[in-house]
Amino acid sequence: MSALTPASEVILRHSEEFEGRRVLFAGDLQDSLPAEIDAEEVRVHTNMYHHWQMLSKALGENVQFGLVADAEFIAPCDVLVYYWPKSKLEAKFQLFNLLSHLPVGIDVFVIGENRSGVRSAETTLEGLCELSKIDSARRCGLYHGRLEKQPEFDADGWWDQYMVEEVTIKTLPGVFSREGLDSGSLLLINSFEEPVKGKVLDVACGSGVLASVLAMYSPKMKITLSDVSAAAIEASRATLAANDLPGEVIASNVYSDIAGRFDMIISNPPFHEGLQTSLTAAEQLIRGAVSHLNIGGELRIVANAFLPYAALLDDTFGSHEVLAQNGRFKVYRAVRGRPPRDLKKKKR
């Protein structure tokens, strides 16, 4: 059995509730519990591509990845286990989507860490599903109720947008910096003094703001954007379309689905997995960049100043420079050089 999150450990305390049932798991699920639970059938809808990669190995076609759930896929389920994310609006978006397709009377379990704001589940589903807390352990709360009324759900009504200079940025609940450009991304954008040329990859693209703003002023720039979040992928596609910008948007866990090499890789990499601090994605971004950059290509990222990326950049590229910084963030640049001649000979 793989390591389970505290939330999943609490769910396991109630595993008898799922015996002989058709269970749907959804939300901020970060482990393999659905593959280990004893039930008649288990299905998973996830908005995170790397979670789909992990769970589909065991559950195959019973795992669905996407922004919204397919009605036919989730309709057979009679139990919903929802993992509360750190964004209340994202939780409401996902729950309303799921419950609009699930039959009245199904059991609904909502689990989450107390610091995530899971207490809001009761008010979020008020009038639809009367929840009550049935367990509290591992700093998590577990709520249960039965669906009394299906909510109305229209994904088009959840879109928002803001402007960065002349660029329209489209956003959805759960997308990083949904309400406006964050100061780290602004620092990274301002570190570019001239138009960018060549093939550029934006990893962890979010709403697509980095690549889109740069591309608006760089007509010779060819952009590819990637993210693990279905909401971010759809937001980036909408941002490109709103600005008539050509580009490709790919679901990818860092470089898992990225082919070819680029002249530049840019990123404001995440350092959280849910509520937990995690540098895994950023480390994969830095270490894998050399394999996805042309010789002379550069990696340019912005990160919180306290994060230990300088040594990692030096270990990977041999050196780095800080292009800009303020009290909170640093913009790092590292360039892929030519390998030493003796290393070339060894590879032949």
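Mentor: Below, we take a few features of this model one by one.

Trainee: What kind of model is this?
Mentor: It's a predicted model, where local features need pLDDT of at least 70 and side-chain atom pairs count only at pLDDT 80 or more, while totals for chains, interfaces and linings use all residues. Residues are numbered from 1 along each chain as its sequence is written, and side-chain values use heavy atoms, with hydrogens and water left out.

Trainee: How do I read a sheet?
Mentor: Strands of a sheet pair through backbone hydrogen bonds, either parallel or antiparallel. Strands here are DSSP runs (E, at least two residues), as are helices (H or I, at least four), numbered from the N terminus. Two strands pair if DSSP finds at least two bridges between them. In this model, 7 strands form an open sheet with mixed pairing, in the order S3-S2-S1-S4-S5-S7-S6.

Trainee: Which are the edge strands?
Mentor: Those are S3 (63-65) and S6 (132-137), each pairing on one side only. From one strand to the next, the twist averages 15°; axes are lines fitted to C-alpha atoms, for helices over the stretch in contact, and angles run from 0 to 180 degrees between N-to-C directions.

Trainee: What packs on the sheet?
Mentor: Helix H5 (residues 88-99) does, touching S1 (22-27), S2 (41-46), S4 (79-83) and S5. Contact means heavy atoms within 4.5 Å. The direction of H5 makes about 165° with that of S4.

Trainee: How do S1 and S2 run, parallel or antiparallel?
Mentor: Parallel, with 5 bridges joining them; Arg 22 stands opposite Glu 41 in S2. S2 also pairs with S3 in the parallel sense, over 3 bridges, and there Val 44 has Val 63 as its bridge partner. Over at S6 and S7 (residues 140-146), the strands run antiparallel and share 5 bridges, with Lys 133 partnered by Tyr 143.

Trainee: Is S2 mostly covered or exposed?
Mentor: Mostly covered: 5 of its 6 residues are buried. Buried means under 20% relative accessible area, exposed over 50%, and partly exposed in between (1.4 Å probe, protein chains only).

Trainee: Which residues of helix H7 are buried?
Mentor: In H7 (residues 183-190), they are Gly 184, Ser 185, Leu 187, Leu 188 and Ile 189. Their cover includes helix H8 (209-216) and strands S13 (262-267), S16 (293-304), S17 (321-325) and S18 (329-335).

Trainee: How many disulfides are there?
Mentor: A disulfide is a covalent bond between the sulfur atoms of two cysteines. The test used is a pair of cysteine sulfur atoms within 2.5 Å. A search of the whole structure finds 0. For Cys 129, the nearest cysteine sulfur is that of Cys 77, 16 Å away. Cys 140 is in no disulfide either, with the sulfur of Cys 129 its nearest at 19 Å. Cys 129 counts as buried because its relative accessibility is 0%.

Trainee: Where is Glu 113?
Mentor: Glu 113 sits in strand S5 (residues 107-113). Its side chain makes a polar contact with that of Arg 115 (3.0 Å). A polar contact is a pair of N or O atoms within 3.5 Å; within protein, one must be able to donate a hydrogen and the other to accept it, and residues adjacent in sequence count only if both atoms are side-chain atoms.
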